[in-house]
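Please keep the 3D view open as you read.

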Amino acid sequence: MTLTPALIHQTYAAIRDATIRTPTIQAARLSLQLGIDLHLKLENLQHTNAFKARGALAKLLTLTEAQKKAGVIACSAGNHAQGVAYHATRLGIASTIVMPEGTPFNKLKRTEDFGATVIQHGVGFDDSVQLTLDLAARDGLTFIHPFDDPVVAAGQGSVALEMLEDLPDLDVIVVPVGGGGLIAGMAVAAKSVKPDVLIIGAQAAIFDAVKAQFDGTATHFAGATLAEGIAVKAPSAANIATIKQHVTRIDTATEAEIEDAVFDLLSAEKLVAEGAPGAGLAVIKNNLDAYKGKKVGLVICGGNIDSRLLSTLILRGLVRDGRITRLTFEIDDTPGQLATISRIISEAGANVVEVIHQRMMQSVSLKQAELDVVIEARDMGHVRGIVETLRGQGFSVKTDSGV
């Protein structure tokens with residue numbers, strides 16, 4: 001079986017009643033901020049909060065009765081795992097999921113909550129595949145691959161069909177890329193509906209296997225990425241061939257850029273997104289001139305980000321924007337200093353979040369004290385104004401933002 005428009009349309013007809021037709025919305029604030037016409041396909045609202053539920057269901061619906069009775073197995077860092085677990089349980093099929101060690105806890109727990117038996121093994125998807133295949137052979141389970149399967153890719157391709165039904169005048173669709181199933185399916189589907197639409201891939205710079213094969217360059221694998229859902233070292237050869245035929249280019253983003261983009265989606269559009277769609281927005285931000293005057297679609301492919309990681313990301317984003325800033329003072333150790341500083345900050349319209357006043361360390365002279373004041377401000381410009389006022393009142397103050 002090969003990935004064709006006919007297979008995608010046939011697959012979509014089979015899965016559409018049991019999947020959510022997620023909306024494609026204009027990103028009003030981001031469009032204004034970036035100066036482009038950006039629209040978001042909200043697959044973070046899909047069953048299990050990721051597009052993977054489409055391909056998983058598509059494959060499950062092709063099983064024979066004997067295969068259903070024996071059960072299925074999958075290997076996934078989280079989103080494919082949840083998609084298989086959710087639909088397998090719904091269809092009365094036993095599922096086993098092999099997940100890499102270090103998979104975010106929320107993805108592991110939700111996979112178990114959907115009824116799967118979870119086994120943790122290896123440090124990434126590629127390390128977990130062999131155990132998955134061994135278990136499938138030993139126990140007679142059907143292996144449901146997350147991306148190296150034309151039926152799975154066809155299920156993912158239904159995302160493009162819906163996007164172009166909603167917005168037939170889309171000029172560009174940006175798609176996060178891991179193993180290549182989503183972008184391959186979407187590219188074939190989109191080109192069959194609108195041949196001149198451009199398909200752009202987005203990867204993490206430290207997991208750029210598809211870009212490397214697309215461009216004929218060396219790969220870069222360098223530790224953990226925020227976009228763990230697309231951290232694949234060995235993409236499907238069949239998907240690579242499809243990508244080379246239908247995709248315009250693959251762009252990459254650094255970890256800092258991906259983090260910023262996830263924060264942008266949350267703060268500007270109030271959308272919880274994981275690292276993979278963050279990579280998509282990041283490559284758009286890196287190439288804004290290429291998107292001027294075009295209607296751009298971005299797949300928010302998943303929203304399963306660990307809550308602890310998200311809370312840290314939010315705080316770091318607030319710090320980067322200047323909305324949370326630490327002011328460090330060297331003050332004379334005399335009464336009234338803190339009261340004066342607090343008054344100046346308050347009169348400037350900022351809020352004091354935390355105060356650390358210490359005399360014991362030897363970083364300052366005996367008759368001085370070091371004071372850390374964490375403030376909440378409107379933005380970096382507001383911080384500059386506060387710092388200028390404080391310095392104008394004779395205070396020696398430094399900030400962690402370099403103001």
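A nonpolar core, as the term is used here, is a set of buried Ala, Val, Leu, Ile, Met, Phe, Trp, Tyr and Cys residues joined through side-chain atoms within 4.5 Å. Buried means under 20% relative accessible area, exposed over 50%, and partly exposed in between, with a 1.4 Å probe and protein chains only. This is a predicted model, in which local features need pLDDT of at least 70 and side-chain atom pairs count only at pLDDT 80 or more, while totals for chains, interfaces and linings use all residues. Residues are numbered from 1 along each chain as its sequence is written, and side-chain values use heavy atoms, with hydrogens and water left out.

Let's start inside. In soluble globular proteins, nonpolar side chains tend to be buried together. Here the largest nonpolar core has 79 residues, and the members that touch the most others are Leu-38, Leu-40, Ile-173, Val-174, Met-186, Ile-199 and Val-299. Take Val-174: setting aside residues up to four places away in sequence, its contacts (heavy atoms within 4.5 Å) include Ile-200, Ala-202, Gly-280, Tyr-291 and Val-299. There is also a second, separate core of 19 residues, with Phe-329, Ile-341, Ala-350 and Ile-386 among them.

Now for the sheets. Helices (H or I, at least four residues) and strands (E, at least two) are DSSP runs, numbered from the N terminus, and two strands pair if DSSP finds at least two bridges between them.

What does Thr-24 touch beyond its neighbours within four places in sequence? This residue belongs to strand S1, and its contacts are His-39, Leu-40, Lys-41, Met-163, Asp-166 and Leu-167. Thr-24 counts as buried because its relative accessibility is 16%.

Strands S3 and S4 also pair in the parallel sense, over 4 bridges, and Cys-75 stands opposite Val-98 in S4. Strand S4 (residues 95-99) is largely enclosed by the rest of the structure, because 5 of its 5 residues are buried. Ser-95, Ile-97 and Met-99 point one way from S4, Thr-96 and Val-98 the other.

A second open sheet has 4 strands in the order S12-S13-S11-S14, with antiparallel pairing. Its edge strands are S12 (351-358) and S14 (396-399), each pairing on one side only. Neighbouring strands are turned by 20 degrees against each other on average, direction ignored. Strand S11 (residues 324-332) pairs with S14 in the antiparallel sense over 4 bridges, and Thr-328 has Lys-398 as its bridge partner in S14.

In a regular strand the side chains alternate between the two faces of the sheet. Helix H17 (residues 380-392) lies across S11, strand S13 (368-376) and S14, running at about 160 degrees to S14. Axes are lines fitted to C-alpha atoms, for helices over the stretch in contact, and angles run from 0 to 180 degrees between N-to-C directions.

Finally, the helices. Helix H8 (residues 150-166) packs with helix H9 (residues 181-193) at an angle of about 45 degrees, their axes 7 Å apart. That angle makes H8 oblique to H9; angles under 35 degrees count as roughly parallel, over 145 as roughly antiparallel, 65 to 115 as roughly perpendicular and the rest as oblique. The contact includes Ala-153, Gln-156 and Leu-164 of H8 and Gly-181, Met-186 and Val-193 of H9.

The axes of H1 and H8 come within 8 Å and cross at roughly 85 degrees, and these two helices are therefore roughly perpendicular to each other. Helix H3 (residues 52-60) has 9 of its 9 residues buried, so H3 is largely enclosed by the rest of the structure. Its buried residues pack against elements including helix H1 (5-15), strand S2 (37-42) and H8.
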